[in-house]
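Q: Hi! Could you walk me through the charged pairs and the strand pairing in this one?

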Amino acid sequence: MDKKVKWSWTSALIGAASAVAATAVLSAKPKDPTFHLISINFTSFKLNLPTILDAELVLTVHVTNPNIAPIHYSSTAMSIFYQGSLLGSAAVAAGSQPPRSCQLLRLPARLRGLELAQHAKCFVADVARREMVLDAAVDISGTARVLWWDHNFKVHVDSHVTVDPVFLDVIDQENTSELELFAA
């Protein structure tokens with residue numbers, strides 16, 4: 001019963017390295033990015049015959065990458081809805097973002113006057129109330145580099161935004177994003 005246990009520095013170092021690696025993996029669990037519409041700036045009207053005007057805007061969006069990996073994403077288009085109908089779209093250019101960082105994206109958008117004209121009664125009521133509800137959806141695909149490996153991902157973002165249609169101020173918003181990682 002009097003066995004002597006032999007101490008091994010190799011086993012201790014392997015155990016400590018395993019604990020550090022497990023902690024790093026658990027703390028590196030991917031987190032959903034966040035998106036916030038900061039401003040809407042009117043740029044111009046475009047005549048779209050017969051007599052409908054399309055509005056061109058620039059949407060300024062604040063994007064946060066809370067993860068420890070830099071990301072690279074491909075170009076896509078964000079769909080903008082009013083009263084359940086597709087009102088227009090905004091172009092999201094391909095780009096990248098460093099780890100644990102924030103950046104502002106300026107997205108050129110075009111809203112179709114014909115679609116807005118089909119909801120004229122609701123639009124006039126929204127202008128009178130100075131509150132217009134828009135919904136937007138976008139899927140962004142890209143890669144995140146962790147050590148030497150690229151991991152593909154897709155982020156689906158849904159936005160519910162209340163704006164002042166007269167001054168184009170953002171009154172309220174609710175944004176949800178869902179990150180999906182794909183095995184290599």
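A: Happy to. Keep in mind that this is a predicted model.

Q: Which residue does Glu 56 meet in a salt bridge?

A: Its partner is Arg 110, with an N to O distance of 3.0 Å. This pair links distant parts of the chain: Glu 56 is in strand S2 (residues 52-65) and Arg 110 is in strand S7 (residues 101-111), 54 residues apart.

Q: And how exposed is Glu 56?

A: Glu 56 is partly exposed, because its relative accessible area is 22% and buried means under 20%. Arg 110 also counts as partly exposed, at 35% relative accessibility.

Q: Okay, next pair. What about Arg 129 and Asp 126?

A: Their side chains form a salt bridge at 2.4 Å, N to O. Both residues belong to helix H3 (residues 120-129), and they sit 3 residues apart, about one turn of the helix.

Q: Is Asp 126 buried or exposed?

A: Asp 126 is buried, with a relative accessible area of 5%. Arg 129, in contrast, counts as exposed at 51%, since the cut-off for exposed is over 50%.

Q: Which residue does Asp 164 form a salt bridge with?

A: With Arg 130, and the closest N and O atoms are 2.5 Å apart. Asp 164 lies in the loop between strand S9 (149-163) and strand S10 (170-181), while Arg 130 lies in the loop between H3 and strand S8 (132-146), so the pair ties together parts that are 34 residues apart in sequence.

Q: And the accessibility of those two?

A: Asp 164 counts as buried at 5% relative accessibility, whereas Arg 130 counts as partly exposed at 37%.

Q: Let's switch to strands. How many bridges are there between S8 and S9?

A: There are 15 bridges, and the two strands pair in the antiparallel sense. Val 146 has Trp 149 in S9 as its bridge partner.

Q: Where do S3 and S4 come in?

A: Strand S3 (residues 71-73) runs antiparallel to S8, joined by 3 bridges, and His 72 stands opposite Thr 143 there. Strand S4 (residues 76-82) also pairs with S8 in the antiparallel sense, over 4 bridges. In that pairing, Ile 80 has Ala 136 in S8 as its bridge partner.

Key: Residues are numbered from 1 along each chain as its sequence is written. This is a predicted model: local features need pLDDT of at least 70, side-chain atom pairs count only at pLDDT 80 or more; totals for chains, interfaces and linings use all residues. Side-chain values use heavy atoms; hydrogens and water are left out. A salt bridge is a side-chain nitrogen of Lys or Arg within 4 Å of a carboxyl oxygen of Asp or Glu. Buried means under 20% relative accessible area, exposed over 50%, partly exposed in between (1.4 Å probe, protein chains only). Two strands pair if DSSP finds at least two bridges between them.
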